[in-house]
Amino acid sequence: MTRKQIHLAAHFPGVNNTTVWSDPEAGSHIEFSSFVKLAQTAERAKFDFFFLAEGLRLREQNGQIYDLDVVGRPDTFTVLSALAAVTERLGLAGTINSTFNEPFEVARQFASLDHLSAGRAAWNVVTSWDAFTGENFRRGGFLPQDQRYERAETFLRTAWELFDSWRGDEIAADAGSGVFLRDTRAGAFSHHDRHFDIEGRFPVPRSPQGRPVIIQAGDSDEGREFAAATADAIFSRYGTLEAGQAFYADVKGRLAKYGRTPEQLVILPAATFVLGDTDADAHERAHLVRRQQVSAQTAIKFLEQVWNTDLSGHDPDGPLPSTDPVVDGSTIAPGRASVRMYRDPLATAREWRQLAEAKNLSTRDLIIEVTGRQTFIGSPATVAAAIDGLVQADASDGFILVPHVTPGGLDEFADKVVPLLQERGSFRTDYTGPTLRHHLGLA
């Protein structure tokens, strides 16, 4: 029986609740050497791609910059273009927003990156949902969800028109005759709809992949449909067996209506990992890591996002507040995903109180439990078996790994887990093609 091949990517997380920036092993989140270190480790381990998130505004809470975002993130294209020069085969994926950018600009940047990297570019297409982020842009504001995805799909298809304005055979570059272009209409485009009214010439010839690999990360019904219609890979948050299989079946089941096969969309949940010499060692280490990730101060910040009020005087080692969350239409944490995640703060507070009482959890312990994400914990053999088992069971096609220490947090996985996956016959021992599409098994 042929084993499914696992796809692995490395996420450079920037500064967030996964990263432990205070760890003695942690380095800079903005110096280029950190990006090089993580990317070259991923390439040494034969990962499919390096994934760079985007932050268009530093998050705030109570009117102040949120501690975990104080560094921010440098420009995506600048970093990925520089990484193209210090890697050879690793895919380079960047998150670029479709709400505040323009198709011509983004298409030109991705076509350029695909040329510079010899066919390794990928675009994680995202939308923006909040006016807080929009204040950094000339249009400001935001779009309702249905309009966000309508604009995103139109944006993407417009970018495709620009990529495809070059067939790839126009350049003759015949020094003898002096003819450079066989087709003097190369790059001509014309697109007119209610979102974009553009017409002209696209200046970048067809790149090695033709179009960058398209990644999508929405989980709403609109997001899943958008991925089924347009994406090559989807960034999922469902990494457990039951939830993963349900998501996998749902999204792959939508492909046929668009004339696509299941192999044309790769599903990749995000996952953290903690390794140890034994499973017991790993679980002990994971306990320490979680307490680093959710410090006393961080626990209060998370609590405030649900209670929607200043709780700086609350004891993180004591019980949850006896008062109820403030529900008045305002938020002390603009731009935070929690605003959408906890749409009913009163119901969330009831659930958290019940959980805290049942397990005798302090505020900090409760926050540690409810903010945990899919994590592989154990010896290298245990983690390799868990990853392989989920992929073979169609709960995913692989994982985007988020190390908790940047930039060296991937080394142990590359050295100890990857060889075991290779021994199982589930992961490549070397790259077999030059482009990211080859790595992902895409046409």
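Modeller: A salt bridge here is a side-chain nitrogen of Lys or Arg within 4 Å of a carboxyl oxygen of Asp or Glu. This is a predicted model, in which local features need pLDDT of at least 70, side-chain atom pairs count only at pLDDT 80 or more, and totals for chains, interfaces and linings use all residues. Residues are numbered from 1 along each chain as its sequence is written, and side-chain values use heavy atoms, with hydrogens and water left out.

Biologist: R57 and E135 meet in a salt bridge; which parts of the chain does the pair tie together?

Modeller: Their side chains come to 2.8 Å, N to O. Helices (H or I, at least four residues) and strands (E, at least two) are DSSP runs, numbered from the N terminus. R57 lies in the loop between β2 and β3 (60-61) and E135 in the loop between α4 (131-134) and α5, so the pair ties together parts that are 78 residues apart in sequence.

Biologist: Is E135 buried or exposed?

Modeller: Buried means under 20% relative accessible area, exposed over 50%, and partly exposed in between (1.4 Å probe, protein chains only). R57 has 23% and is therefore partly exposed. E135 has 57% relative accessibility, so E135 counts as exposed.

Biologist: Over the ring of which residue does the charged end of R57 sit?

Modeller: A charge sits over a ring if NZ of Lys or CZ of Arg is within 6 Å of the ring centre and within 35 degrees of the ring normal. For R57 the distance to the ring centre is 3.6 Å, and the ring belongs to F132.

Biologist: Which residue meets D250 in a salt bridge, 3.1 Å from N to O?

Modeller: D250 is in a network of salt bridges that also includes D219, D221 and R237. The partner at 3.1 Å is R254.

Biologist: How many aromatic pairs does the count come to?

Modeller: Rings of Phe, Tyr and Trp (its six-membered ring) pair if their centres lie within 6.5 Å; planes under 30 degrees apart count as stacked, over 60 as edge-to-face and the rest as tilted. By this rule the count is 18.

Biologist: What type of pair do the rings of F47 and F427 form?

Modeller: F47 is in the loop between α1 (32-44) and β2 (49-52), and F427 is in the loop between α15 (418-423) and α16 (436-440), 380 residues apart. Both F47 and F427 are buried. Their ring centres are 6.5 Å apart and the planes are at 85°, so the pair is edge-to-face.

Biologist: How many residues apart in sequence are the parts that F155 and F196 tie together?

Modeller: The rings of F155 and F196 have centres 5.7 Å apart and planes at 80°, so this pair is edge-to-face. Both residues are buried. F155 lies in helix α5 (residues 145-163) and F196 in the loop between β9 (188-192) and β10 (197-201), so the separation in sequence is 41 residues.

Biologist: Which residues do ring pairs link into a cluster with F155 and F196?

Modeller: One of them, F77, has its C-alpha atom 7.2 Å from that of Q109, 32 residues apart along the chain. Q109 is found in helix α3 (residues 103-116). Besides F155 and F196, the cluster holds F77, F110 and W123.
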